Amino acid sequence: MYPREELTVLAARKALLRARIRVGRVDCTDTASAVVRPLVWIDRLHAQWRALPSWVRAGAPVVLLALKRGRRRRRPGGRLHVAKSLLRWAPIALRLWHGVRGGRRTPLRPTAF
């Protein structure tokens with residue numbers, strides 16, 4: 001059998017190794033929680049977005065673009081500028097109108113099936 005001194009040394013090494021493993025596990029969980037934190041935030045934001053009514057989700061990009069555009073300085077362009085804007089936003093407005101009315105010809109968002 002092994003002498004008592006060697007067994008004592010092996011037991012001390014084993015305890016030290018277990019302590020290092022424990023510290024490594026704690027470091028690993030801390031790093032993993034730091035990595036997952038933004039994903040949890042994105043998941044929570046996505047759940048809140050999905051809880052909104054469909055007409056709000058469909059109109060939100062248009063409203064955000066209009067707000068962004070309203071903050072810019074207006075360029076002189078007169079009626080031609082207004083006509084260009086109407087032609088640009090007419091398809092989106094019609095699609096929203098059909099979606100809110102319930103008689104939509106094309107789905108507002110692609111379906112999974």
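**View 1. A nonpolar patch on the surface of the predicted model****.** Val-35, Val-36, Leu-39, Val-40, Trp-41, Ile-42 and Leu-45 make up this nonpolar surface patch. Together these residues have about 670 Å² of accessible area. One of them, Leu-45, belongs to helix α1, which covers residues 4–51. Leu-45 has a relative accessible area of 44% and is therefore partly exposed, since that class lies between the limits of 20% and 50%.

View 2. Arg-22 has a relative accessibility of 54% and so counts as exposed, the cut-off being over 50%.

**View 3. The helices of the protein chain****.** The chain contains 3 helices and 0 strands. Read from the N terminus, the order of its elements is α-α-α. Helix α1 spans residues 4–51, and helix α3 spans residues 78–101.

**View 4. Exposure of the protein chain****.** Of the 113 residues in the chain, 5% are buried. The chain exposes about 10700 Å², and 65% of this area is supplied by carbon and sulfur atoms.

**View 5. Confidence along the predicted chain****.** The average pLDDT of the protein chain is 79. A score of at least 70 is reached by 74% of the residues. Where pLDDT is low, the predicted coordinates should not be read in detail.

Technical notes:
Residues numbered from 1 in each chain as written. Predicted model: local features only at pLDDT ≥ 70, side-chain atom pairs only at ≥ 80, totals over all residues. Heavy atoms only, no water. Helix = DSSP H or I, 4+ residues; strand = E, 2+ residues; numbered from the N terminus. Buried < 20%, exposed > 50% of the residue type's maximum accessible area, 1.4 Å probe, protein only. Areas by Shrake-Rupley, 256 points an atom, 1.4 Å probe, with all protein chains shown as cover. Patch = residues over 30% accessible without salt bridge, like charges linked within 9 Å, V, L, I, M, F, W, Y side chains within 5 Å. Salt bridge = Lys/Arg side-chain N within 4 Å of Asp/Glu carboxyl O. pLDDT = per-residue confidence, 0-100.
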